[in-house]
Amino acid sequence: MNEKSTPGLIFLNKMKSLSDFSFCIGNKRRNGIEPFLITSSVVMIICQRLVRKLCPKCKEPYEVAPEILEEMQFKVKPGEKITFFKPKGCDHCAKTGYKGRIGLYEVMTMSEQLQRAILARQSADVLKKIAIETGLVTLRQAGIRKIRQGITSIEEVLRATKPD
Ligand SMILES: [Zn+2]
């Protein structure tokens, strides 16, 4: 696909590394694509990361140390009761504790603030900060939602995503 002549481009980032949308934009710049071509063509960047789902037949509830939650920016609301699960292993999951996979998604919609920052050649970190301020759900936060729902484990999310 010729990105330089594709207005309204939705860029699907399925890279295996721990890249997020800001890395993705940085990568385009490193490849010599001019900032104005990024801001004029890209309307959305979707980053996907797969995590393993806990086996529903053997997942085990356990207590998680508050420091671990704090370090991964897992915010527990006052009075909120979350049951955390860890993998165990049974015949249903071939003793792995996991069964199947689910996608985590980071959906970056191009905003005016981001366009300005990209044109000003701001760093990937700055771009990410702006996006979070304007409502971006990062891969890490998407993972935290799946932990909250008991779908995956803390270990899986730490493995598949990087800190915000
Ligand atoms: Zn199992």
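Residues are numbered from 1 along each chain as its sequence is written. Because the model is predicted, local features need pLDDT of at least 70, side-chain atom pairs count only at pLDDT 80 or more, and totals for chains, interfaces and linings use all residues. pLDDT is the predictor's confidence in each residue, from 0 to 100. Its mean over the chain is 87, and 89% of the residues reach 70 or more. Among the elements, strand β3 (residues 60-62) has the highest mean pLDDT, 98. Strand β1 (residues 9-13) has the lowest, 63. Over residues 1-6 the value stays under 50. For this stretch the model has six contacts beyond four places in sequence. Where pLDDT is low, predicted coordinates should not be read in detail.

The chain contains seven helices and five strands. These elements are DSSP runs numbered from the N terminus: helices are H or I with at least four residues, strands are E with at least two. Their order along the sequence is β-α-α-β-β-α-β-β-α-α-α-α. Of the contacts with a separation of 6 or more, 76% join residues 24 or more positions apart. Two residues are in contact if their C-beta atoms, placed from the backbone, lie within 7 Å.

Buried residues make up 28% of the 164 residues. A residue is buried if 20 or more other C-beta atoms lie within 10 Å of its own, exposed if 12 or fewer, and partly exposed in between. The largest nonpolar core has 23 residues. Such a core is a set of buried Ala, Val, Leu, Ile, Met, Phe, Trp, Tyr and Cys residues joined through C-beta atoms within 7 Å. Those with the most contacts inside it are Phe-21, Ile-25, Ile-45, Leu-114, Ile-118, Leu-127 and Ala-131. At least two core residues come from each of α1 (21-30), β2, β5, α4, α5 and α6.

Helices α4 (residues 112-119) and α5 (residues 124-133) pack at an angle of about 170°, with axes 10 Å apart. Axes are lines fitted to C-alpha atoms, for helices over the stretch in contact, and angles run from 0 to 180 degrees between N-to-C directions. The two helices are therefore roughly antiparallel, a class for angles over 145 degrees. Gln-113, Leu-114, Ala-117 and Ile-118 of α4 meet Val-126, Leu-127, Ile-130 and Ala-131 of α5. By class, this contact has seven nonpolar residues, one polar and none charged.

In helix α6 (residues 139-148), the buried residues are Leu-139, Arg-140, Ala-142, Gly-143, Ile-144 and Ile-147. Their cover includes β2 (42-54), β4, β5 (98-109) and α7 (154-160). Just after α6, Gly-150 takes a positive phi of about 75°.

Phe-84 is found in strand β4 (residues 84-86). It counts as partly exposed because it has 18 C-beta neighbours inside 10 Å. Beyond four places in sequence, Phe-84 touches Pro-61, Tyr-62, Val-64, Ile-147 and Ile-154. Phe-84 and Glu-60 are 24 residues apart in sequence, with their C-alpha atoms 8.1 Å apart.

Most residues other than glycine have a negative phi. Ala-94 has a positive phi near 55°. Lys-95, also not a glycine, has a positive phi of about 65°. Ala-94 lies in the loop between β4 and β5, and Lys-95 is found in the loop between β4 and β5. Ala-94 is exposed, with 11 other C-beta atoms within 10 Å. Lys-95 is exposed, with 12.

Key: Parallel < 35°, antiparallel > 145°, perpendicular 65-115°, else oblique. Nonpolar A, V, L, I, M, F, W, Y, C, P; charged D, E, K, R; others polar.
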